[in-house]
Amino acid sequence: TTRVETLEFQAEARQLLRLMVHSIYSDKDVFLRELISNASDALDKLRLASLTEQELRVDTTDLHIDLEVDRDARTLTVRDNGIGMSREDVVNLIGTIARSGTAELLRSLSEARAAGDTTASADLIGQFGVGFYATFMVADRVSLVTQRAGERTGTRWESDGEGSYTIEDVPDAPRGTAVTVHLKAEDAEDRLFDYTADHKIREIVKKYSDFIAWPIRMAVERPAPLPDADADADADADADADADAAGESVAATTIEIETLNSRKALWARPRDEVDQAEYNELYRHLSHDWSDPLEVVQMKGEGTFEYEALLFIPSRAPLDLYTRDARRGVQLYVKRVFIMDDCEALLPNYLRFVKGVVDARDLSLNISREILQQDRRIQQVRRRLVRKVLATVRNLLENEAEKYRTFWSEFGAAVKEGLLDAAEDSEAILEIISAASTHDPEQTTTLRGYVERMKEGQTEIYYMTGDSRATIENSPHMEAFAARGYEVLILTDPVDEVWVERVGRFDDKVLQSVAKGQVDLDTEDDRKKTEAEREQQRTDFAALLTWMGERLRDEVKEVRLSSRLTTSPACVVGDTFDMTPALERMYRSMGQ
Ligand code: ADP
Ligand code: MG
């Protein structure tokens, strides 16, 4: 006796489903990629569990993904014999969206839709990666039967994607998961969306899932083998009979199981043998991003610790890049066996957006995250990965300006975090930083570029931090610098405050805030002014300065004459070791 329960989707899941059911994304084929990707993950997890969990006794000799078509019922089933899900897993994983950034995504989506902007919303969906829910672009009903490895009872889940789903126990289902997609009736006549046709399925698998390590199999019809030559010769006597026989032999078919994907590990293949399209698909599988990567980085380590690495620099930042629970980049494999996602030991936090695979030859399959963090060999690999990624960005900067600009506008703020906690990378990071500057309103500059333009006699790199370019440009602090033709860097990311303080110098030149301390901007002409003239000024204004100092006693430490201003009568400056105004605001907004 199994009880059928009806449950509601979580509110956010419901919103996302509505978007899928009334499909706003034009490339519906990707639903199959998402299902295959999940099946592949489930097989990875099962293999790892079989190697590391002694009590789990499972047969892993024939792990695969089967695609099954029922043309009459118009269904397509994706079946794996992987790890499976418990009833609780199904409710938690399929009925809710746990991923961070969901609320933000849905807000941006509804804004884009309110503005009638359908491309923007499709784009946002792609960025989010809707996974399993993508099936509702092509299905009016989806059912799933699953049984977790090691358990005796399975679970059946079914939904039309409209708000609720049913769930019930099934006694003794096969291990793993089968997802059955009941294709929409309205697409029945459209050859473009005929997901029951062999050629269509084959094409999608080739395009999106060729690199998947597990066999993706399908039963295909093939023409039966031709009758042998002797039989043909015998039939010669009767021309009509011959034609009939030939006609029959063409019509007869046999069913064969075909493996649709080539299953090649891309990171083990030489760069020039792999198409960019193949890299793009692996990237999408790893990142859940639907756009193409900006850059592919391949590496190989030989000697005492062998490894192969294939890294991707995305072309846009994920929504959760700056949230605490942001997904971290790299997958760890050991000799082609998937070990873990989000391997934080392999890349520093400031490069958390880099995706990819590191496949090591000589590590224990049981290795824990804690041990990895301390492993000297892993630390060496990490150093090499970091250096290679930073060198790749530097190469973009020098040779592919457009790509570099994309990179910097998406990830620059994250990369600058590296200046706070990775002293050993500072030098390389400083070489790839770029910032707005008073030199050119349209273009950013590198620090190197700034130094090359420094005026005769200028010894410091001037910068000002603030909320926006406009606030900074209109600040009285800038006047004297503008009047004397000094370039000032315009730094508007919150992290800028902190790194300039921490780093202090670039190329042996002090980074000097124009809003702090006594900046000596005197030119040769100024210096020629006699000391007597200065003394005169000081006496002339002495009474005013004393009076102002008293009136503002609670607000400021000191009131003094300044050569920084040209048109504004007064400005507030910080002491050299004070916080700048923007930093003060940042700390205040953090509640400190
Ligand atoms: P994602 O794959 O990005 O986590 P999905 O929506 O594709 O998101 O899937 C949600 C979760 O459901 C997966 O993380 C996985 O835990 C579970 N899941 C989906 N398909 C399968 C499957 N075939 N076998 C086991 N678990 C699955
Ligand atoms: Mg998925």
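The following questions and answers concern a predicted model of a protein chain with a ligand.

Q: How many helices and strands are there in the protein chain?
A: The protein chain has 592 residues, of which 32% count as buried. Among its contacts between residues at least 6 apart in sequence, 74% join residues at least 24 apart. The secondary structure of the chain comprises 20 helices and 20 strands.

Q: Which helix supplies the largest share of the shell around ligand 1?
A: There are 15 residues around ligand 1, and Asn38, Ala42, Leu93, Gly131 and Phe132 come nearest. Two helices, α2 (30-52) and α3 (87-94), each supply at least two residues of this shell. The largest share, 4 residues, comes from α2.

Q: How many nonpolar, polar and charged residues does the shell around ligand 1 have?
A: The shell around ligand 1 includes Asn38, Ala42, Leu93, Gly131 and Phe132 as the residues that come nearest. Sorted by class, the shell has 7 nonpolar, 6 polar and 2 charged residues.

Q: At what angle do α2 and α6 pack?
A: Two packed helices are described by the angle between their axes and the distance between the axes. For α2 and helix α6 (residues 198-209), the crossing is right-handed. Their axes are 10 Å apart, and the packing angle is about 65°.

Q: How far apart are the axes of α12 and α17?
A: Helix α12 (residues 401-421) passes helix α17 (residues 494-503) in a left-handed crossing. The angle between them is about 35°, and their axes are 9 Å apart.

Q: How many charged residues does the contact of α12 with α17 have?
A: On the α12 side, the contact is made by Ala413, Lys416, Glu417, Leu419 and Leu420. On the α17 side, Val495, Asp496, Val498, Trp499, Arg502 and Val503 take part. By class, this contact has 7 nonpolar residues, no polar residues and 4 charged residues.

Q: Which element supplies the largest share of the largest nonpolar core?
A: The largest nonpolar core has 123 residues, and those with the most contacts inside it are Leu346, Val354, Val358, Met464 and Leu489. The largest share of this core is 9 residues, supplied by α2.

Q: Which residues does Met464 touch, leaving aside those up to four places away in sequence?
A: Met464 is among the residues with the most contacts inside the largest nonpolar core. Beyond residues up to four places away in sequence, Met464 touches Ile472, Ser475, His477, Met478, Val488, Ile490, Leu491, Ser513, Val514 and Ala515.

Q: Why does Val381 count as buried?
A: Val381 is found in helix α11 (residues 376-399). Not counting residues up to four places away in sequence, Val381 touches Gly301, Tyr307, Leu346 and Val358. A residue is buried if 20 or more other C-beta atoms lie within 10 Å of its own. Val381 therefore counts as buried, with 21 C-beta neighbours inside 10 Å.

Q: Is Ile257 buried or exposed?
A: Ile257 is found in strand β9 (residues 253-259). Leaving aside neighbours within four places in sequence, Ile257 is in contact with Arg217 and Ala219. Because Ile257 has 11 C-beta neighbours inside 10 Å, Ile257 counts as exposed.

Q: How far apart in space are Cys571 and Pro476, C-alpha to C-alpha?
A: Cys571 lies in the loop between α19 (531-551) and α20 (581-589). With 15 other C-beta atoms within 10 Å, Cys571 is partly exposed. Cys571 and Pro476 are 95 residues apart in sequence, while their C-alpha to C-alpha distance is 6.2 Å.

Q: What is the phi of Asp172?
A: Asp172 lies in the loop between β6 (164-171) and β7 (176-183). Asp172 is exposed, with 8 other C-beta atoms within 10 Å. Its phi is positive in a residue other than glycine, with a value near 55°.

Q: What is the phi of His288?
A: The loop between α9 (276-287) and β10 (295-301) holds His288. His288 counts as partly exposed, with 18 C-beta neighbours inside 10 Å. Although His288 is not a glycine, its phi is positive, at about 60°.

Note on methods. Residues are numbered from 1 along each chain as its sequence is written. Chains are lettered from A and ligands numbered from 1 in the order in which they are written. This is a predicted model: local features need pLDDT of at least 70, side-chain atom pairs count only at pLDDT 80 or more; totals for chains, interfaces and linings use all residues. A residue is near a molecule or strand if its C-beta atom, placed from the backbone, lies within 6 Å of it. Ala, Val, Leu, Ile, Met, Phe, Trp, Tyr, Cys and Pro count as nonpolar, Asp, Glu, Lys and Arg as charged, and the others, Gly among them, as polar. Axes are lines fitted to C-alpha atoms, for helices over the stretch in contact, and angles run from 0 to 180 degrees between N-to-C directions. A crossing is left-handed if the near helix is turned anticlockwise from the far one by less than a right angle, and right-handed if clockwise. A nonpolar core is a set of buried Ala, Val, Leu, Ile, Met, Phe, Trp, Tyr and Cys residues joined through C-beta atoms within 7 Å. A residue is buried if 20 or more other C-beta atoms lie within 10 Å of its own, exposed if 12 or fewer, and partly exposed in between; C-beta atoms are placed from the backbone. Two residues are in contact if their C-beta atoms, placed from the backbone, lie within 7 Å.
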